[in-house]
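Morning, everyone. Please have the sequence and the model open while I talk. I'll go region by region.

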Amino acid sequence: MAEIKAGGSRNKVIAIVAAIVVIAAGAFVVSSKAGNKSGTIYYITNAQQLNHLDPQRVYTGEDIAFLNTYLYRTLVSYNPVAGKDSSKLVPDLATDIGTATDGGKTWSWTLKSGIKWSDGTDLTCEDVKYGISRIFATDVILDGPTYALQLLDIPADAKGVSAYAGPYKKTGQDLYDKAVTCAGNTITMHLKKAVGDFNYFGSYPAVAPVKASADNGDKYDLKPMGTGPYMIASFKAGDKLDLVRNKYWDKKTDAIRPAYPNEVILRFGISEDVRDQMFLKDTQPNAVNYDQGLQAPNNNNKVFHTDAKYKGRGINVLGPFVRYWTANVSKGHLDCLDVRKAVFFAINLQSIIDLNGGSELYGAPADSPISPSIATDYAPTTGNIHDSNWKIGGNPDYAKTLLATAKGSCPAAYAKATSSGIYFDLAKTATGEKTAALIKSAMEAAGMVAKFNLIEPGVYYPTVMNPAKQGDITRAGWAADWANASTVIPPLFIKDGGFNLNQNWDDPVYKDFAAKVSAAQGETDRAKQAAEWKVLAQIAMDQYWTIMPIFTKQQFEWGSKIAGVDFWMPNGALLYPSMHLK
């Protein structure tokens, strides 16, 4: 799942890995005390809106956790507790976490009875089936996870595109109706190959039900219907998302959501200075910072280190996300390995880490797109930050030698890097603008030209996931959708994987790489599969598809009247179900 937010020795990597293991072992405990069922909780963000409200299009960790708590319900859910047990699945709309047959090629869930939509009508199996079908309408429903496209047993046409075009065009509808069936309250999905942990996909908004009669295509993003404890009273980009109680939600069918506040308001467009002072001065004590971290490192230091009055009003944890820059390797962008390497070795990563609060608040240089939180699949790679030429403060002299090679091997990319300029995609925040200045300085020292696309945070991913709008190097972040690198390597590096910002399918090594990915996805021996993911991570790093990865830390702040706050590791987010007013 995606993330967007505001030296590098092997020892640093090992240290952060060890810390992640401590967190995974259960450093946090959720209070068992019942919360106060009243009042309004405000969430504060600098963004003008969420990336999406349409469940089939939601794919950032914070938004998944937030919307799955308040607005949507899914077949299954991550256990709403902190610590090591949070990655376990528990039933949500379904009566259990899923039943696999045919060696893992067929999965079934039976829905609970008595669940209603926010308009009072009964939820049906057909509603769940219809919601999933929308994923196939790739000309309308953009940006969400694509596991259904990849795995459901629906053939592809001559161009390699699914022969089912979704519920609006209905092309290939019979093929979908065969792959996804309803028998009473039981929904069954037939897969192309065995996937032993496919039930984890059932925790994503992509499988949230949608009523066909309420679906208005792309406009559904403005006011989707829900089955959760709240419903949308109003939504206006730049202003607020107002959620009020859904009177048709029945606690008897929902063991996950206590639904503590009477109202939940997400306020958009709050300037970073105002937001920071709101939490430093506690001017709105019933508010929570949705942006994760304050603008300035000294503000974060006040909350987490220097001022005792903030004790109990913030947490600083190692999360599941790897923050990174992804190189767009399509023709006309960074389709030259030597240029990509030159950028990697030129960047002063220490300055970027320091800007964001240092290793204690930001994280440490990473050597893989796979987080050590997936201990089974992570292994240190070779090269990159372990290369003797790499320096955490940048090595412009070595970068120049790589550029000299590129001048002969790929003159067009060389000219782009040294003359017309490499475009970096960044969120338009105060920190983003300061980061741009640091990158520009480091690139100039190596003889390269950096330019910047500064993008409003609320539309950041919809922008960069549009090939016509994406720049050459894109700031991003990713966490495994569940504890298997099958939810890291394919989404990030395979065409139609769902989050391939590399656009790498014309790279000379791609064909062999993709074949290895397919083999790993079909491997049922977990130990063998883990070894294959490690090999593939090494290839991705050797190609410098991923630049400047960081194993990250995350900060959260809230007002003095907020209680029940903790960290929900699977989504790298706050434990929203437990939060309430004192």
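Start with H580. Leave out residues up to four places away in sequence, and H580 touches G35, N36, I41, Y260, K561, I562, A563 and G564. Keep in mind that this is a predicted model. Where does H580 sit? H580 is found in strand β21, residues 580-581. Is H580 buried or exposed? Its relative accessible area is 12%. Buried means under 20%, so H580 is buried. A polar atom of the H580 side chain lies 3.0 Å from the backbone oxygen of S578.

Next, F66. Find helix α2, residues 61-70, and you find F66 in it. The relative accessibility of F66 is 0%, so F66 counts as buried. Which residues does F66 contact? Set aside its neighbours within four places in sequence, and the contacts are Y43, L241, L243, V264, L266, Y290 and Y576. Now take the helix as a whole. Helix α2 is mostly covered, with 10 of its 10 residues buried. Among them are G61, E62, D63 and Y70. One distance for scale: F66 and A255 are 189 residues apart along the chain, and their C-alpha atoms are separated by 17 Å.

Now the sheets. A reminder first. Strands of a sheet pair through backbone hydrogen bonds, either parallel or antiparallel.

The five-stranded sheet is open, and its order is β8-β9-β10-β1-β11. Its pairing is mixed. Which strands stand at the edges? They are β8, residues 230-236, and β11, residues 287-289. Each has a single partner strand, so one side of each is left without a neighbour in the sheet. On average, neighbouring strands here are turned by 20° against each other, direction ignored.

Six bridges join β8 to strand β9, residues 240-245. The two run antiparallel. Is K236 buried or exposed? Its relative accessibility is 54%, and the cut-off for exposed is over 50%, so K236 counts as exposed. K236 and F268 are 32 residues apart along the chain, with their C-alpha atoms separated by 8.8 Å.

Helix α6, residues 272-280, lies across β1 (40-44), β10 (263-267) and β11. The helix runs at about 125° to β11.

On to the four-stranded sheet. This one is open too, in the order β4-β5-β7-β6, and the pairing is antiparallel. β4 (99-101) and β6 (180-183) stand at the edges. Each has a single partner strand, so one side of each lacks a neighbour in the sheet. The twist averages 20° from one strand to the next.

How many bridges join β6 to β7? Four, and β7 covers residues 186-190. The two strands run antiparallel. Look for C182, which stands opposite I187 in β7. Then find helix α3, residues 125-133. That helix packs on the sheet, touching β6 and β7. Its direction makes about 30° with that of β7.

One more strand pair. Strand β14, residues 422-427, pairs with strand β15, residues 450-455, in the parallel sense. There are six bridges between β14 and β15. Y423 has K451 as its bridge partner in β15. How covered is β14? Mostly: five of its six residues are buried.

Last stop, a helix pair. Two packed helices are described by the angle between their axes and the distance between the axes. Take helix α11, residues 396-409, and helix α12, residues 411-420. Their axes come within 6 Å and cross at roughly 135°. That makes α11 oblique to α12. Which residues make the contact? From α11, they are L403, A406, K407, G408 and S409. From α12, they are P411, Y414, A417 and T418. By type, the residues of this contact divide into five nonpolar, three polar and one charged.

That's my tour. Questions, please.

Conventions. Residues numbered from 1 in each chain as written. Predicted model: local features only at pLDDT ≥ 70, side-chain atom pairs only at ≥ 80, totals over all residues. Heavy atoms only, no water. Buried < 20%, exposed > 50% of the residue type's maximum accessible area, 1.4 Å probe, protein only. Polar contact = N/O pair within 3.5 Å; in protein donor to acceptor, adjacent residues only side chain to side chain. Contact = heavy atoms within 4.5 Å. Axes fitted to C-alpha atoms, helices over the stretch in contact; angles between N-to-C directions. Parallel < 35°, antiparallel > 145°, perpendicular 65-115°, else oblique. Nonpolar A, V, L, I, M, F, W, Y, C, P; charged D, E, K, R; others polar. Pairing = 2+ DSSP bridges.
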